[in-house]
Amino acid sequence: MFVAVVGGGPAGMAAAVSAKRAGADRVVIIERAERLGGVLPQCIHSGFGVNYYGEDLTGPEFAERLRADVKASSVEVWLNAMVIEARPDKTLIISTPHGISFVKPDAVIFAVGARERPRGAIAIPGARPAGVYTAGTAQYMINIQGFEVGKEVFVLGSGDIGLITARRMALEGAKVHGVAELMPFPGGLARNVQQCLKDFNIPLLLSHTVTEVLGSERVEAVKVAQVENGKTVPGTEKVFPVDTLVLSVGLLPEAELIRQMGLPILPYTGSAAVDQFFQTDLPGVYVVGNGVGIWDLVDNVAMSASVAGSHAVKYEGRSSDLAEVLPGVGVRVVIPQRLSLGESDVPRIWFRVACPIPVGVALLTRGEEVIARKGFAGLKPAEMAEFPLKEEQYRAIRPGDKLHLRVQQP
Ligand SMILES: Cc1cc2nc3c(=O)[nH]c(=O)nc-3n(C[C@H](O)[C@H](O)[C@H](O)COP(=O)(O)OP(=O)(O)OC[C@H]3O[C@@H](n4cnc5c(N)ncnc54)[C@H](O)[C@@H]3O)c2cc1C
């Protein structure tokens, strides 16, 4: 059994190690960068690994642990090698330093991560001066390349990446004038709002957005206004005199190769539908990590990718006994979207809510019938929550069922 893993971030490394441990004859990680790790080496803050390794690690430490596991399991690693084409028969065309290579593995695991939404994707009016960065680029320049990105900074987007980048720039001596968030609630975790903004006296402007970037050569200021019902409120505009605008406005799964394989892309995840083993509708083709949907914790990325790695080795065709899981009222994302029935282990179902729910109930339904329910407290759009399914509830699901996962507040 030959398993090819595309991408050597945490998802790819975890999937490759688990495929090898499950008995694959040959496992190859194909990574376009010059080192393994994905985005982890630039995430020098802590907050990684509490569940997976039982320790609070930095991104580089977490990556190093996985790299050691890869080395110890005799997984082949091809660096500076980029998959440029993927065919539905699982042929991969790879650009390597030695020329173009072809491989045709028995199973392919796409662990290609996500890309940041750039300025163009949110269409802020104004000129195109230097000084507008995505948060990941700013973080890479500071933490890996050692550059100072800006002295007077404004951040758009209060997801965890925006909050962490705001704090990083403050620690580098920049004045962070504020973080604007379109939604009436912060996008990131409460602890990050406290530790990254409040502890550094950085103002958080909820229901606000950047309406214009001013400056010709370099950013000279940004205009920020309040937003109500999707429209800016006249008379609320403020000008912040900054030289740098950092955009942290969301991640999108890298879906190009998956699309090339002919797999439809779900609008609410931006990637292909998968079952509980992260297998797509093409037998032997898997998508894991941020490539299948955006996860908040790398621990869950690694754990779910391990499931795909070991399943890829056991794979003997796709079960035809499938049920579908769809996001219902109040739920934005569900993973997996298919359940392969008849499998011995009870599947894990993950979901993200559309807006914060202080106290609520999540329901898995088949039409009007409730198959499973679970009370939750403190559900947030930033966090991927797990819906625990019991053995008897799983066994009650039938092939062809169309299930909805929804949340309701008391
Ligand atoms: C700025 C930032 C801060 C974060 N902070 C935290 C935190 O505090 N705690 C936490 O738990 N998580 C955090 N995360 C999230 C965590 O880093 C991600 O969940 C995790 O890195 C996702 O892993 P991945 O392997 O799916 O993707 P990635 O890490 O993005 O890896 C994907 C890999 O695939 C490679 N690749 C892509 N396409 C190809 C191709 N065609 N051919 C070959 N190789 C390819 C890429 O080069 C890359 O190495 C943060 C993320 C970011 C961006």
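Predicted model: local features only at pLDDT ≥ 70, side-chain atom pairs only at ≥ 80, totals over all residues.
In what order do the strands of the open sheet of 5 strands stand, and is their pairing parallel or antiparallel? The order is 11-19-12-13-14, and the pairing is parallel.

Select strand 11 (132-134) and strand 14 (204-206). These two stand at the edges of the sheet, and each has a single partner strand, so one side of each is left without a neighbour in the sheet. From one strand to the next, the twist averages 20 degrees.

Strand 11 pairs with strand 19 in the parallel sense, over 3 bridges. To inspect one pair of residues, display Tyr 133 together with Val 246, its bridge partner in strand 19.

Now show helix 4 (135-143). This helix lies across strand 11 and strand 19, and runs at about 90 degrees to strand 11.

Move to the open sheet with the order 6-7-8, in which the pairing is antiparallel.

Select strand 7 (residues 92-96) with strand 8: the two pair in the antiparallel sense over 5 bridges. Within strand 8, Ser 101 is the bridge partner of Ile 94.

Colour the protein by its domain assignment, which gives domain 1 (1-115 + 252-318), domain 2 (118-249) and domain 3 (319-410). The centres of domain 1 and domain 2, taken over C-alpha atoms, are 31 Å apart. To their contact, domain 1 brings 6 residues and domain 2 brings 7 residues. On the side of domain 1 that touches domain 2, the residues comprise 3 nonpolar, 2 polar and 1 charged.

**Last stop: the ligand**

Why does the ligand lie between domain 1 and domain 2? Both domains give residues to the shell around the ligand, so the ligand lies between them.

Display the 38 residues around the ligand; those that come nearest are Gly 7, Gly 9, Gly 38, Gly 113 and Gly 289. By class, the shell divides into 21 nonpolar, 13 polar and 4 charged residues.

Finally, select the elements that each supply at least two residues of this shell: helix 1 (10-21), strand 3 (46-48), strand 6 (82-86), helix 4 (135-143), helix 5 (160-171) and helix 8 (298-314).

Definitions and conventions
Residues numbered from 1 in each chain as written. Domains from an automatic or database assignment. Contact = placed C-beta atoms within 7 Å. Nonpolar A, V, L, I, M, F, W, Y, C, P; charged D, E, K, R; others polar. Near = placed C-beta within 6 Å. Helix = DSSP H or I, 4+ residues; strand = E, 2+ residues; numbered from the N terminus. Pairing = 2+ DSSP bridges. Axes fitted to C-alpha atoms, helices over the stretch in contact; angles between N-to-C directions.
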